[in-house]
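Hello,

Here is the structure we talked about handing over. Please open it before reading on; my notes follow below it.

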Amino acid sequence: MRGLTRTTARRTLLRAAFTAGVLAGTAGALAPVLLRQHRQGGRDGQDGRAREGRQSSGEQGARQPDRAIEQFSQTYRGRRIQGSATVLTPAAGAAPARQAAARRPAPTVEVRIDGRPLPVMRRADGSYLSAVNHYESFPTLLALARAAVDALGSAQLAPGIAHSH
C-alpha cells in the first residue's frame, strides 16, 4: 500500500509541474499580443475594434471613402519599395446596421519591390509577415519591405504573383 501512495504522489507532482509549464508557455506566447494591445490604448467596449479605426456614432451609416492606414513610396538600398494598407469602409445601406457593426472591415495590404508584388499577410496582433521572411513579423509595412530588400539582396521577386484573400 505504501508503494501505491508514493506513485500517486509522484503522478500528482508531475501533473502539477506539467500544468505549470503549459500555463507559463501560454502566458509567454500571449504576452506580446496583450502588451501591444495595452500600449495601443485597449479595446473599445462597444464593438471590440481598436480605438484607432472606429467611427463616431454620427458617422455610422454614412459613406466613407477608403482610409489609408499606412502608405509609403521610397528608394531603399537602390530598390524602389512601395506599400499601402487601407481599410475599405462599406457604403451606406449595403447591410443592416446590426450586421455592419458585427463585421470589421479587413485591411487591404499591398507591398511592391521594384514594381513586383510581395505576398504579405497581416497577423492577428496587427503586425505583418511576408513570403520572403515568413518567420519574422514586423510592426509596419515599411519595416517589412526594408527587411525583404535586405533578405533578397540582388535577387528579384517573381513577376505577377499577388496574394489575394
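Asp114 counts as partly exposed, at 30% relative accessibility. Keep in mind that this is a predicted model. Asp114 sits in the loop between S3 and strand S4 (116-118). Its phi is positive, near 55°, and the residue is not a glycine.

Arg79 is in strand S2 and Asp114 in the loop between S3 and S4, so the pair ties together parts that are 35 residues apart in sequence. Arg79 is buried, with a relative accessible area of 7%, whereas Asp114 is partly exposed at 30%. The cut-off matters here: Arg79 counts as buried because its relative accessible area of 7% is under 20%.

**The other salt bridges**

How many salt bridges does the model hold? The count comes to three. Side chains of opposite charge can pair when their charged atoms come close.

Take Arg77 next. Arg77 forms a salt bridge with Asp150, and the closest N and O atoms are 3.2 Å apart. Arg77 lies in the loop between S1 and S2, while Asp150 is in helix H3, so this pair ties together parts that are 73 residues apart in sequence. Arg77 is exposed, with a relative accessible area of 64%. Asp150 is partly exposed at 38%. Look at the backbone of Arg77 too. It has a positive phi of about 50°, although Arg77 is not a glycine.

The remaining pair is Arg112 and Glu110. Their side chains meet in a salt bridge at 3.2 Å, N to O. Arg112 is partly exposed, with a relative accessible area of 27%. Glu110 is partly exposed as well, at 38%.

**Strand pairing**

Which way do S2 and S3 run relative to each other, parallel or antiparallel? They run antiparallel, and seven bridges join them. Within this pairing, Ser84 has Glu110 of S3 as its bridge partner. Glu110 is also the residue that forms the salt bridge with Arg112.

S3 and S4 run antiparallel too, joined by three bridges. Here Ile113 stands opposite Arg116 in S4.

**The nonpolar core**

The largest nonpolar core has 20 residues. Which of them touch the most other members? They are Ile81, Ile113, Leu118, Val120 and Leu141. Strands S1 (67-76), S2 (79-87) and S3 (107-113) and helix H3 (141-152) each supply at least two residues of this core. H3 gives the largest share, eight residues.

Leu118 is worth a click. Leaving aside its neighbours within four places in sequence, Leu118 is in contact with Val111, Ile113, Ser130, Val132, Leu144, Ala148 and Leu157. Ile113 is on that list, and it is also among the core residues that touch the most other members.

**Where to look**

Best wishes

Methods
Residues are numbered from 1 along each chain as its sequence is written. This is a predicted model: local features need pLDDT of at least 70, side-chain atom pairs count only at pLDDT 80 or more; totals for chains, interfaces and linings use all residues. Side-chain values use heavy atoms; hydrogens and water are left out. A nonpolar core is a set of buried Ala, Val, Leu, Ile, Met, Phe, Trp, Tyr and Cys residues joined through side-chain atoms within 4.5 Å. Buried means under 20% relative accessible area, exposed over 50%, partly exposed in between (1.4 Å probe, protein chains only). Helices (H or I, at least four residues) and strands (E, at least two) are DSSP runs, numbered from the N terminus. Contact means heavy atoms within 4.5 Å. A salt bridge is a side-chain nitrogen of Lys or Arg within 4 Å of a carboxyl oxygen of Asp or Glu. Two strands pair if DSSP finds at least two bridges between them.
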